[in-house]
Amino acid sequence: MVDHNQKLLQELLKKPGNNVCADCGSQGPDWASYNLGIFICMRCASIHRGMGAHISKVKHLDLDRWEDSQVQRMKEVGNVAAKNKYEERVPPCYRRPTKNDPQVLIEQWIRAKYEREEFCHPERQSYLSGTMVGFLMKRGKEDSRYQLRKFVLNENEDTLKYHVKENKEPKGVLKLSELNVSFAPSKIGHMNSMQLTFLKDGSTRHIYVYHEDPEVINCWYTAIRCAKLHLLQVAFPSTPQSDLILRLPKDFAREGWLWKTGPRPSDVHRRRWFTLDTRKLMYHDEPLDAYPKGEIFIGHESNGYQIKVSNTGNGCKEARFPFHLVTPERTFCLAATTHEDRAGWLAVIQQALKRPLTPQDSTIEATLVRKRTTSNSISIFSGR
């Protein structure tokens with residue numbers, strides 16, 4: 001039998017803002033932090049519980065007994081009022097997580113809000129200065145070992161550098177304005193990990209890093225985003241900030257295994273790890289390769305780029321669901337193992353085909369075409 005307080009809680013859930021999790025936005029929260037006065041989902045509730053009862057006191061809406069004073073607190077606050085307080089000064093470069101985001105991002109968002117109260121006290125936001133110095137574990141380019149490396153972020157120089165030896169010249173200099181950064185816990189196998197992707201000598205390069213402290217890796221991630229936003233604001237002073245935020249680092253549209261074969265009927269199928277980074281479709285031998293084996297630019301459909309789906313077999317039992325990516329220069333023959341996987345790839349590629357080209361897209365396209373032309377010339381000259 002539902003008691004009076006549980007009925008009141010169900011009524012409060014119907015109020016605007018209370019019907020979604022106060023932290024990740026997922027629908028139908030069934031937990032609450034009764035001292036903070038917010039309704040939250042089960043995943044976020046576990047993070048609240050991990051902060052300790054001195055920060056957040058958590059109860060299930062139906063399975064726990066509620067005191068009158070606790071329900072009154074929920075009535076007095078609620079999600080809207082709490083967000084106005086605890087998210088008052090969230091920087092525009094800060095990535096607000098959603099329900100499907102990595103655990104480290106959601107956890108640090110919650111801890112930043114309630115434990116460190118960073119968005120009530122902007123002076124605690126250490127990632128806004130455009131500079132950061134620290135150590136991260138970096139995966140080797142030629143092997144799988146991770147070594148401690150010093151990283152230096154400098155917005156004024158438009159660089160992110162890393163050093164093998166602290167007092168020596170940097171081993172690598174990454175151009176910040178051309179850098180993409182994403183969390184990669186499932187790929188790297190460490191909860192607090194990131195993938196840095198950038199152009200080096202006309203080719204894409206991946207660097208994989210992690211830190212044992214989730215707050216540290218989140219600070220690096222946010223510092224890079226903030227520095228990039230500052231650079232965009234200088235480069236495009238008349239562009240609305242809301243448009244510039246859309247150009248900040250984002251997760252890959254999709255990653256996973258696909259089968260790829262060449263244009264000739266005699267070419268064999270090979271399993272490759274594919275990564276779609278906005279308009280750049282890269283394929284690798286293994287997920288943690290430093291360089292892709294190849295890169296395909298996905299332009300706008302009005303320029304001859306398109307997807308063709310085939311429902312006939314192609315001689316490889318694993319590659320049961322084929323499709324063709326057509327570009328002005330070549331048709332790429334790809335295949336997924338399942339119908340669902342193919343549908344997922346078709347959806348994200350189709351989105352890229354319909355998205356208007358930006359000046360940055362045109363620069364990437366020109367770079368890849370120039371690289372491919374040079375590679376073909378070398379192959380012809382050498383007789384390969």
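The expected span of a helix is 1.5 Å times one less than its number of residues. Keep that handy for the tour. You're looking at a predicted model, where local features need pLDDT of at least 70, side-chain atom pairs count only at pLDDT 80 or more, and totals for chains, interfaces and linings use all residues. Residues are numbered from 1 along each chain as its sequence is written, and side-chain values use heavy atoms, with hydrogens and water left out.

Select residues 214-235 to start. This is helix H7; helices (H or I, at least four residues) and strands (E, at least two) are DSSP runs, numbered from the N terminus. Now zoom in on the start of H7, where a side-chain oxygen of Asp213 comes within 2.9 Å of the backbone nitrogen of Glu215.

Next, pick Ala184, in the loop between strand E8 (180-183) and helix H6 (185-188).

Hop to Val77, in the loop between helix H3 (68-76) and helix H4 (78-86). Show Gly37 too: the two sit 40 residues apart in sequence, yet 5.1 Å apart C-alpha to C-alpha.

Last stop: select residues 6-127, which UniProt (unreviewed entry) marks as "domain: Arf-GAP". That stretch is 40% helix and 7% strand.

Notes:
UniProt positions are given in the numbering used here, feature names are shortened, and annotations may be inferred rather than shown by experiment. A polar contact is a pair of N or O atoms within 3.5 Å; within protein, one must be able to donate a hydrogen and the other to accept it, and residues adjacent in sequence count only if both atoms are side-chain atoms.
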